[in-house]
Amino acid sequence: MASAANFRTCPDTGLKVDRTAEALIKANAVVAVVFLAVGGLFGVLVAMTRWPAVHLLDADMFYLVLTAHGADVLLFWILFFEVAILYFASAILLNSRLATPKFAWLAFIMMVVGAVMANVAVLQGDSTVMFTSYVPMKAEPHFYLGLIIFAVGALIALFVFFATLVVAKNEKTYEGSVPLVTFGAITAAIIAVFTIASGAVILIPTWLWSMGFIANIDTLLYKIIWWGMGHSSQQINVAAHVAVWYCIAAMVLGAKPLSEKVSRTAFLLYILFLQLASAHHLLVEPGVSSEWKIFNTSYAMYLAVLGSMIHGLSVPGAIEAAQRRRGFTHGIFEWLRKAPWGNPAFSGMFMSLVMFGFLGGISGVVMGTEQINLIIHNTLYVPGHFHATVVAGTTLTFMAVTYLVVPLIFRREIILPGMAKWQPYIFGIGVAGISLFMMGAGTLGVARRHWDITFTDAIMSVEVPGTAFLMMGLNGISALLAGVGGAMYVVIVVGSVLFGKRRDEAVAKANPIIFDGGAAVANYGSEEQVKVPGTIVLVAIFFTAFVLYYFVNWKFLSEVWPLS
Amino acid sequence: MANKASETPDDQDIPFMQRLLDNPFILLFLGVASPTILYIVWGIIEVAQIPIAN
Ligand code: HEM
Ligand SMILES: [Cu+2]
């Protein structure tokens, strides 16, 4: 078993790099980008259909493409990329060999086979069940089987990650506690174990049911367990992208967390409570009690929100402290003005942080509240919210870190640097648009997952305000912008990996991209100077926006249901 | 106590929270147990209590 690992020494960091781990990171990242490209294109087609003036696809095709969009981007793009992050955070950051590389390759192959199988099933046309595949809607058996094979593959990858932690500890490749980024990856992996277990528990019987071996699956039970997977998988993303925020801040600026203890405790809150919020998907289900709903989505959930708020203070705080250490000490915001805005790794990360907090976080807490959820339940507000979390948050973060992964792991220089500089802004602005305009349309009552907002052939006519049409048009324009930003990303990444200049030792010396050889990423240690007035101001603005929006919604609810 | 201290010199000094955070497998247990009990099991109990229609 004791495979003689084959290491190279990284010219950028001096770290030992296990070549197998490196190859696996590359393979998973490449496949991830392929699914993003395909799934992103489907997203644009969906948005072009929901733009009433364009109304691109016919109804059948719309629902088919929407199913493929959800599965390809939410499951496949993100999970392949996350597996790459897990291998990076274990083998590379801990200076260790990757445990059981054969199993890691098996995991990769299973994930590819499963993802392709599910795509084939959807594109054949008889599995248009949305990625949530609520029973009693029935897909073809190979749709469920594809998802199951994919999930088992991902589970094997998680075992490889945990085994690598054990190997690193036993072989003493690091001392003391693991670095914070690795700790964040551990958090993501733990949530992933629960996610995949829930998925297996519900998808295996559903697969058997689709073949006729089981007569009936209870619809409410399905939803409870399915959302144990569906929601928790989003929390893998949150833990992973927060870890990547710390990683990028440390790599680009040498930023260290203000307090290792506090940041780790925030991750612990994620481990304990984040997954309970799965219940917010069942807030209007009859059959489960308000106690269950409110405990899981409010009392316990707010502890996880607290974790996010700690990270929301800690990440910009770390950046501010690092910038002040470098001499940007004038006034409250010099550190922010003089941040490396031309570096796509940094700009993508910082925009993601802001949009995740302001758009995704605030709307999430509002819609996770049982009472005010009613205003927007099942409207386009919901996709508006989660494009802020999972696209502006996770996807933009993963794009940003790619600008470091390509030179450090693929050992290639980024081609078209001028375009790369603009890419996060174009994608970011587009995504902010689709989030805001879908939320706007949702507030006006436009349903999600709907081909025709006017309900043309319905028996009772439905009145849709003109502003809703405007919102859908603006959403379409934003979708095009996001599509262009996404295409730029794919061109830059694929082009750099294939044709970028090789980053050998000389190039690495001439064009250093990470601060101080990445010492702040690979080691335990807090910032010493923790006066961060700029961050405090930003946090105060955030709380003001949060409180105002929260109460506006209660006011709005009182108007929806006049009680006098 | 005193003579044992030399065998595992620093094990005793590490604070509880740090030992917890340094052990991914205890964290894994907690992270799976919490949602399984509070969300899944409690939820299933509620569904199971819904009376069957005749
Ligand atoms: C160019 C980028 C993108 C555009 C223009 C876009 C647009 C859209 C639109 C218009 C919808 C349909 C809402 C509805 O009719 O209910 C949608 C749904 C969705 N999108 Fe995106 N999206 C993009 C990228 C992404 C990414 C990167 C992710 C995940 C990481 C994502 C995840 C989802 C999910 C999960 C749904 C819900 C599908 C369902 O209701 O079954 N999207 N998107
Ligand atoms: Cu959720």
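Which protein donors hold the iron atom of ligand 1? Select A:His69 and A:His387: their NE2 atoms lie 2.0 Å from the iron (donors are N, O and S atoms within 2.8 Å of the metal, 3.2 Å for Na, K and Ca, and water is not among the atoms, so sites may look incomplete).

Before moving on: this is a predicted model, where local features need pLDDT of at least 70 and side-chain atom pairs 80 or more, while totals for chains, interfaces and linings use all residues. Residues count from 1 along each chain as its sequence is written, chains are lettered from A and ligands numbered from 1 in written order, and side-chain values use heavy atoms, without hydrogens and water.

A:His69 sits in helix 2 (residues 59–92) and A:His387 in helix 12 (residues 381–408) of chain A, so the pair ties together parts 318 residues apart in sequence (helices are DSSP runs of H or I, at least four residues, numbered from the N terminus).

Next, pick ligand 2, the copper ion. A:His231 (ND1), A:His280 (NE2) and A:His281 (NE2) coordinate it at 2.0 to 2.1 Å. In sequence, those donor residues are spaced H-x48-H-H.

Last stop: show chain B. The contact takes 35 residues from chain A and 24 from chain B (heavy atoms within 4.5 Å). On the chain A side, helix 6 gives the most, with seven residues.

Terms used
Helices (H or I, at least four residues) and strands (E, at least two) are DSSP runs, numbered from the N terminus.
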